[in-house]
Amino acid sequence: MDRAHDHRALLDRSLASRRLHTAYLLSGPGERPRVEARRFARGSVCTGPDPRPCDACASCRRSTEREEIALDGSGKQGPLLRHIGDHPDLFWVERGADDTRVRIAQVRALQHALRLRSSEGGHRTAVIADAEWMNQESQNALLRLLEEPPQGTTLVLVAASRASLLATLRSRCQRVAFPAEPTESEPDEERAEIVARLDRIERASLADLLDWADEYRGGRAQAAARVEALLDTASAWLRRRAARRAAEQAPLRGEIEAFRTLSGCRKTLAQRNANPQMVAERALLALQAGIAA
């Protein structure tokens with residue numbers, strides 16, 4: 001579909017009619033897209049009345065949240081994927097605890113699982129959270145699955161930004177965009193500090209920006225997670241700035257270019273050999289240049 005549907009109306013209509021599409025893409029900041037993806041997956045196998053999930057039928061009881069098993073993208077310290085609750089026809093894939101991306105082995109494991117017969121003889125749904133952290137190889141493998149989808153199967157992708165996915169992958173999905181939640185009165189300290197520094201970035205020297213990027217040294221998984229938070233916060237900050245400037249009928253060329261660079265930074269960060277510090281440096285320089293344009 002060419003345009004994204006706001007909120008969850010499309011998902012609710014699909015569940016109510018029991019006409020599920022092959023693939024959905026849920027995008028937006030924060031936890032809401034992940035929560036809605038889980039709700040939709042549970043609703044897809046619900047055998048009770050509307051609204052689904054009913055939380056009362058046998059399928060809903062099986063898909064109720066339990067203690068989650070930590071995943072490992074290498075398959076050495078944990079499974080590559082897990083079930084939602086203990087329902088055998090609901091699958092959940094996300095980055096492993098120490099991984100900076102969804103690995104190709106996880107996508108292949110999901111492909112194999114979905115090629116098998118349904119355990120319950122009904123519908124099957126798989127959620128790939130952190131979909132923006134699939135590299136191109138993983139996305140292409142997923143695209144092949146969507147080109148010849150197993151019968152009675154739905155795939156749900158969850159991403160903070162749909163721009164980080166291949167256009168060919170996005171085009172095969174029904175897209176659902178979730179807006180940012182209202183700003184909390186007490187935002188967490190790290191994000192509040194990032195916003196405060198972004199408010200001063202126009203006056204920062206090159207040395208200041210390089211010193212800021214240097215803070216993202218350290219263990220790769222931890223540093224990448226912190227750079228991810230920087231990119232998320234910077235994107236939201238840039239959207240607010242662009243909205244203000246648009247209301248003033250000011251040109252947005254610089255902001256648009258900065259958005260493109262931040263999207264590119266997300267893709268780079270998902271790559272195996274990406275250096276989080278260098279990604280942060282590129283993002284900060286692009287933000288300063290964008291607002292100065």
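This is a predicted model: local features need pLDDT of at least 70, side-chain atom pairs count only at pLDDT 80 or more; totals for chains, interfaces and linings use all residues.
Residues are numbered from 1 along each chain as its sequence is written, and side-chain values use heavy atoms, with hydrogens and water left out. Local features need pLDDT of at least 70 and side-chain atom pairs count only at pLDDT 80 or more, whereas totals for chains, interfaces and linings use all residues.

Helix α11 spans residues 276-292 and packs against α9, residues 220-247. Helices are DSSP runs of H or I with at least four residues, strands are runs of E with at least two, and both are numbered from the N terminus. The axes of α9 and α11 lie 9 Å apart, at an angle of about 15°. Axes are lines fitted to C-alpha atoms, for helices over the stretch in contact; angles run from 0 to 180 degrees between N-to-C directions. The two helices are therefore roughly parallel (under 35 degrees; over 145 is roughly antiparallel, 65 to 115 roughly perpendicular and the rest oblique). Their crossing is left-handed, a term for a near helix turned anticlockwise from the far one by less than a right angle. Helix α9 contributes R220, A223, A224, V227, L230, L231, A234, W237, L238 and R241 to the contact. From α11 come P276, V279, A280, A283, L284, L287 and I291. Contact means heavy atoms within 4.5 Å. The residues of this contact comprise 15 nonpolar, no polar and two charged. Nonpolar covers Ala, Val, Leu, Ile, Met, Phe, Trp, Tyr, Cys and Pro; charged covers Asp, Glu, Lys and Arg; the others, Gly among them, count as polar.

Helix α10, residues 253-269, also packs against α11. Here the axes come within 8 Å and cross at roughly 175°. The pair is therefore roughly antiparallel. On the α10 side, the contact is made by G254, E255, A258, T261, L262, G264, C265, T268 and L269. On the α11 side, P276, V279, R282, A283, A286, L287 and G290 take part. Nine of the contact residues are nonpolar, five polar and two charged.

The structure holds one cavity of 30 Å³ or more. On a 1 Å grid over the protein atoms alone, a cavity is a set of points where a 1.4 Å probe fits but cannot get out; a pocket is an open set with protein on both sides within 12 Å along at least five of seven lines. Lining residues have an atom within 4 Å of a point. Grid points are joined across faces, edges and corners, and a volume is the space filled by probe spheres set on the points. The largest cavity contains about 40 Å³. Its lining is formed by T22, L114, L145, L146, P149, P150, T153, T154 and L155. Two elements, α5 (136-147) and β6 (153-159), each give two or more residues. The largest share, three residues, comes from β6. Six lining residues are nonpolar, three are polar and none is charged.

The second largest pocket has a volume of about 200 Å³. It is lined by 14 residues, of which S44, V45, T47, G122 and H123 are the closest to its centre. The lining has three nonpolar, seven polar and four charged residues.

Backbone exceptions occur in two loops. The D50 to P51 peptide bond is cis, with omega near -10°. The bond joining R52 and P53 is also cis, with omega about 0°. D55 belongs to the loop between α2 and α3 and has a positive phi of about 65°, although it is not a glycine. In the loop between α9 and α10, Q249 has phi near 60°, again positive in a residue other than glycine.
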